Amino acid sequence: MTDSIRVHGGRALRGEIHVRGAKNFVSKAMVAALLGSTPSTLRNVPQIRDVEVVSSLLSLHGAPVDYDVETGVLHADTSNLTTADAFQIAQHAGSSRIPILLCGPLLHRIGEAVIPDLGGCRIGDRPIDFHLDILKKFGAQVEEGPDGLYLTAPNGLKGIKYELSYPSVGATEQLLLTAVMAEGITTLHNAAVEPEIKDLIDTLQTMGAIISVDTDRSLTIEGVKELRGFDHTALTDRIEVGSWACAALATKGDIFVRGAQQRHMGYFLNVFRKVGGEFDITSDGIRFYHPGTELKPIALQTDVHPGFMTDWQQPMVVALTQATGLSIVHETVYENRLGFTGALNQMGAQVQLFRECLGDKQCRFGQLNFQHSAVISGPTPLAAADIEVPDLRGGFSYLIAALAAEGTSTVSNIGIIDRGYENFREKLTALGAAVD
Ligand code: EPU
């Protein structure tokens with residue numbers, strides 16, 4: 001498969017597509033399976049590269065994975081786990097940050113774990129300090145080796161009281177995956193409460209874990225000695241749903257997203273409506289469509305749940321290039337998630353970046369010289385260009401821009417998009433896009 005796609009833009013996307021389980025839950029549920037001494041079944045699993053990556057990581061640790069693409073059913077047999085070496089893990093993980101989440105489950109089940117040098121999308125520094133601090137507090141011993149970090153827990157892992165300085169998704173997952181089998185009680189304050197985390201908590205509960213969620217972002221986990229496998233259906237990928245919704249808006253199209261669930265899309269739907277987009281909610285999915293009149297500008301800040309997701313920001317910015325007037329976007333989750341707008345400007349957009357917090361939330365990046373606010377002036381017709389995908393969400397956003405632009409664009413490095421968008425080429429064709 002070539003790593004670029006030609007997009008003959010200027011056509012409205014119309015039709016129906018199906019979105020399956022959330023990348024950012026499915027990968028974590030597969031890691032949770034490692035905690036179970038009996039096999040697990042995960043349903044609604046999409047065919048994306050992150051699923052392949054975690055499948056290989058599980059297999060490397062002695063847990064064979066069987067995935068049926070058609071039905072989306074994945075079985076993992078985690079009854080007998082073994083150790084894997086850092087070099088092999090790094091080779092299979094590629095740029096994924098998932099290996100760090102394997103540590104708690106592996107320490108519980110086999111007493112050791114390895115973290116190779118980590119990658120992930122280039123959207124900021126993306127440190128792992130919270131993760132390591134949490135693991136050490138539980139009692140893990142961390143040593144630096146030639147290929148990465150080696151972890152052991154000679155005295156077992158014991159429950160902790162912890163407060164996150166920022167409600168990090170990954171750090172909350174790290175703590176959950178470690179606390180469920182740690183001795184005693186763990187409490188976490190300032191936890192992330194994204195729907196994907198709620199689904200992970202439900203999965204762990206099915207396995208036999210005891211977790212309570214308080215109204216003030218606090219979690220309490222009572223450790224248990226053993227967990228069993230689970231049978232669970234993944235929630236829909238709300239980032240993918242939002243991405244297609246923005247594609248409908250930017251191309252003046254009309255897309256029915258089968259599988260989209262209103263309850264996970266609340267903030268997005270409000271913003272979509274304020275921009276002037278229309279939607280119809282049904283029990284099978286959500287139809288998103290352009291109103292046929294001018295789109296309106298908005299002021300928007302990304303935030304942790306229940307705010308506007310940072311992952312919706314990039315596709316929404318492309319749609320906002322078509323709104324009449326000045327829109328303001330303040331990115332408060334990642335310090336470096338607006339760099340993708342440079343290519344949009346080459347295509348004719350007018351996006352200006354600022355170091356200041358352009359919004360009432362004083363975020364962590366305000367005084368730190370990061371261009372994390374944008375002013376978008378529209379509507380600007382977009383012209384075709386040759387563009388290279390910088391990261392997963394930025395990449396899909398470039399596809400949207402190319403679809404909205406007059407002429408033929410070449411979007412390269414699209415392999416990154418396969419990490420999180422199932423069959424996106426086929427879906428584009430099904431929606432009437434001219435791509436080859
Ligand atoms: N952070 C730290 N130290 C840490 C961990 C995080 O400072 O040890 C900071 C990060 O640098 C960032 C902020 O905390 O500024 C939030 O990061 P978080 O830990 O919440 O993100 P994550 O767990 O690494 C997940 C998703 C991201 C999504 C974020 C926020 C996965 C695999 N990734 O990342 O998804 O943007 O939560 O919702 O679940 C994507 O799907 O394209 C993607 C990047």
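Start with a cluster: ring pairs link Tyr 267, Phe 268, Phe 272, Phe 279, Phe 288, Phe 308 and Trp 312. A pair here means rings of Phe, Tyr or Trp (its six-membered ring) with centres within 6.5 Å; planes under 30 degrees apart are stacked, over 60 edge-to-face, the rest tilted. This is a predicted model, with pLDDT of at least 70 required for local features and 80 or more for side-chain atom pairs, while totals for chains, interfaces and linings use all residues. Numbering runs from 1 along each chain as its sequence is written, and side-chain values use heavy atoms, without hydrogens or water.

The structure has 12 aromatic pairs. One of them is Phe 268 with Phe 272: stacked, 5.8 Å centre to centre, 25° between the planes. Both residues sit in helix 9, residues 266-275, four residues apart, about one turn of the helix. Helices are DSSP runs of H or I, at least four residues; strands are E, at least two; both are numbered from the N terminus. Why does that spacing matter? An α-helix has 3.6 residues a turn, so residues three or four places apart point the same way.

Phe 268 is buried, at 0% relative accessibility. Buried is under 20% relative accessible area, exposed over 50%, partly exposed in between, with a 1.4 Å probe and protein chains only. Phe 268 also pairs with Phe 288: centres 6.3 Å apart, planes at 85°, so edge-to-face. Phe 288 lies in strand 16, residues 285-289, so this pair ties helix 9 to a part 20 residues apart in sequence. Phe 272 is buried at 0%, and Phe 288 is buried at 0% too.

Now charges over rings. The cut-off: NZ of Lys or CZ of Arg within 6 Å of the ring centre and within 35 degrees of the ring normal. The charged end of Arg 273 sits over Phe 279, 4.1 Å from the ring centre. Arg 364 lies over the face of Tyr 166, at 3.6 Å.

Last, helix 2. Which residues of helix 2 are buried? Among them are Asp 50, Val 51, Val 53 and Leu 60. The buried residues pack against helix 1 (23-33), strand 4 (65-68), strand 5 (73-76) and helix 3 (86-93); contact means heavy atoms within 4.5 Å. After helix 2 comes Gly 62, with a positive phi near 85°.
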